[in-house]
Amino acid sequence: MCEVLRLKQELLVANSKIALQEQELAQTRVIKHTLDQALGPPSETDFNGEVTEQTISTLQSALNSSNPTYSQLQAEWNAQDDSQSDMSDALSAGAYNRARGYWNPPTQQACSTALSAPIAERSYGEPMSFPSGSSLGGDANRFWGPSSGVYAFDTKVPEEQVRFLEEPGLAPRRSITQASRTGPFFQTQSSAWSAFSPSSSESHGPRSPVNRSKNTYQHVGLFPIPQYHQRPVGTPLSPTATEFTASNASATQWPTSVVSSTHQTYISPLEPINYRRLLDRNVSCDWRYIVDKIVCNNDQQASIFLQQKLKVGTTEQKYDIIEAIVHQAYPLMVNRFGNFLVQRCFEHGTPEQVVSIANAIKGNTLSLSMDPFGCHVIQKAFDCVPEEHKAIMVHELLRRIPETVIHRYACHVWQKLFELRWSGEPPQIMTKVNEALRGMWHEVALGETGSLVVQNIFENCVEDEKRPAIEEVLAKIDMLAHGQFGNWCIQHICEHGAPQDKTRAIEHIVIWSVDYSMDQFASKIVEKCLKIGGTEFLDRYLARVCTGRTDRPRMPLIDIAGDQYGNYLIQWILMNAAPHQRELVASHIRKHMVSLRGSKFGSRVAMLCCNPSHTTRPGPGSG
């Protein structure tokens, strides 16, 4: 047991010797490194090939007597350790001091303890006093030196140099990175900056308020920071914490712009418009400015943005947007892009706002109905506004019936009007229309827009209301059948009309089937009757076209088969008719195969009449 204790003691003595040798080696390296930086790299001509211990000691003594202590400022920094910062441990001085303490040997800690006494506030350049028991006595004014250079302290000191500077027997030295090196063996260099001296302290002013409480601020370097009162670990941070509600008036307050607000953000119209940002529910702006862009600049993007904002915005935002739209309702209704925005207002606006838009339409129904963009707003209004406002709009339209019924844009308003269903007593619309268009229905039906209005009346009005129009159309059936748009009215009667009306139309078509089959527009009526009339109509049609005439060398069927419009009718019969009807037509076609094959349009019919089993192909030439 005694042998083990003796070995342990010898091991401790050996470790002490090794540590001492390492310390001496590190001290030699730091001195050499310091001299290399201060004097430049050594040369053989300066030291005759080696640096002796005597030379190092001489230079060290000169540096100790002339340079201010680096550890004095460091000891002042180390005097008070601040608590953990509320922002980041990496940014706090306390974290820095604690991390530095891990690498400082006990010698420096002892040195720092000697300077732990409170340091009174002093003006810039005022002499610093040290405790009487401190081994770091001396004139602290030499810290600033007699030179006019500006000192910059280099905190990136190598590890060996740090340990050397922390030795108790060595005087701390200033950084090698100072801008102007001065000392007892360096010549004083001039500088453009004014010299630092105790006599000039009055011109610089104090570094910090002298009447400040000692506990208010702590020294970190040369900059004061507010003292932080450490909170218990695990305490949740909240807006009511002491950091945010400090009673000390001199403490630094939080900037008001840092704390995010929960209320809506208002963007000034002077800023460039960012529609993506404005789509945020919490962002608002002057909506009238964007509405003005639509009216004045015909801005499509502004219209699309407001339509989307009406879908995703808050109730208050929707209300404000629609109020801005109602303010310029009529200019938006006749705008290429604004009319869509007004239509969206009928969907997202309050009942009062819908009535406000209806009031903007009041008195302008005729002009809006004949406008290429306003007519869409009128049609939407018929679906959304109250019935009393619908009645007002209808009465405005009834003032100019003949003009608006055939108008390019107003005809769509009339079609919408005939589709309306009224909960109360409906206005006498068709009574006024029949009075205004008596004797003119066939002219209305011949037009592109009027044809659509007439067919809409046939579909949506009761029998008594549409009877005058049907009678006039059937009375002028021949004229309408040859019309580009009137033939559609005849087709509608043949397909959807009352039985007596349908019979009247078909009888007329059968009688004139030959002429109608070779007309560009009337042939469409014959084709419609072939499709909906079935076998009965086809038999009557074939009996009419297959009967020869004494004044013609061939039957009308062949003429129809070779016609540019009639050949489609014969092709349809050959492909869709019953077998006996198909064979009847084919037998007549084969008799005129030569003439039909030479015809541009008849060749199509002739190909359908050829029997594939009897077709012969030309062989190779003989002889």
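A salt bridge here is a side-chain nitrogen of Lys or Arg within 4 Å of a carboxyl oxygen of Asp or Glu. The structure is a predicted model.

**Salt bridges**

Glu471 is partly exposed, at 33% relative accessible area. Arg504 is partly exposed too, at 40%.

A search of the whole structure gives 17 salt bridges. Three of them are listed here.

| Pair | N to O distance |
|---|---|
| Glu403 and Arg400 | 2.5 Å |
| Arg590 and Glu583 | 3.6 Å |

Glu403 is partly exposed, with 38% relative accessibility. In the last pair, Arg590 is partly exposed at 39%, and Glu583 is partly exposed at 44%. Shared partners also link salt bridges into one network of Glu463, Arg467, Glu471, Asp501 and Arg504.

**Helix 29**

Helix 29 covers residues 522-545, 24 residues in total. Its end C-alpha atoms are only 15 Å apart. A straight helix would reach 34 Å at 1.5 Å a residue. Where does helix 29 bend? The bend is at Gly534, by about 130 degrees.

Several residues of helix 29 are buried. Among them are Ala522, Ser523, Ile525, Val526, Cys529 and Leu530. Phe537, Leu538, Tyr541, Leu542 and Val545 are buried as well.

Definitions and conventions: Residues numbered from 1 in each chain as written. Predicted model: local features only at pLDDT ≥ 70, side-chain atom pairs only at ≥ 80, totals over all residues. Heavy atoms only, no water. Helix = DSSP H or I, 4+ residues; strand = E, 2+ residues; numbered from the N terminus. Expected span 1.5 Å × (residues − 1). Bend = angle between axes of the 7 residues up to and from the residue. Buried < 20%, exposed > 50% of the residue type's maximum accessible area, 1.4 Å probe, protein only.
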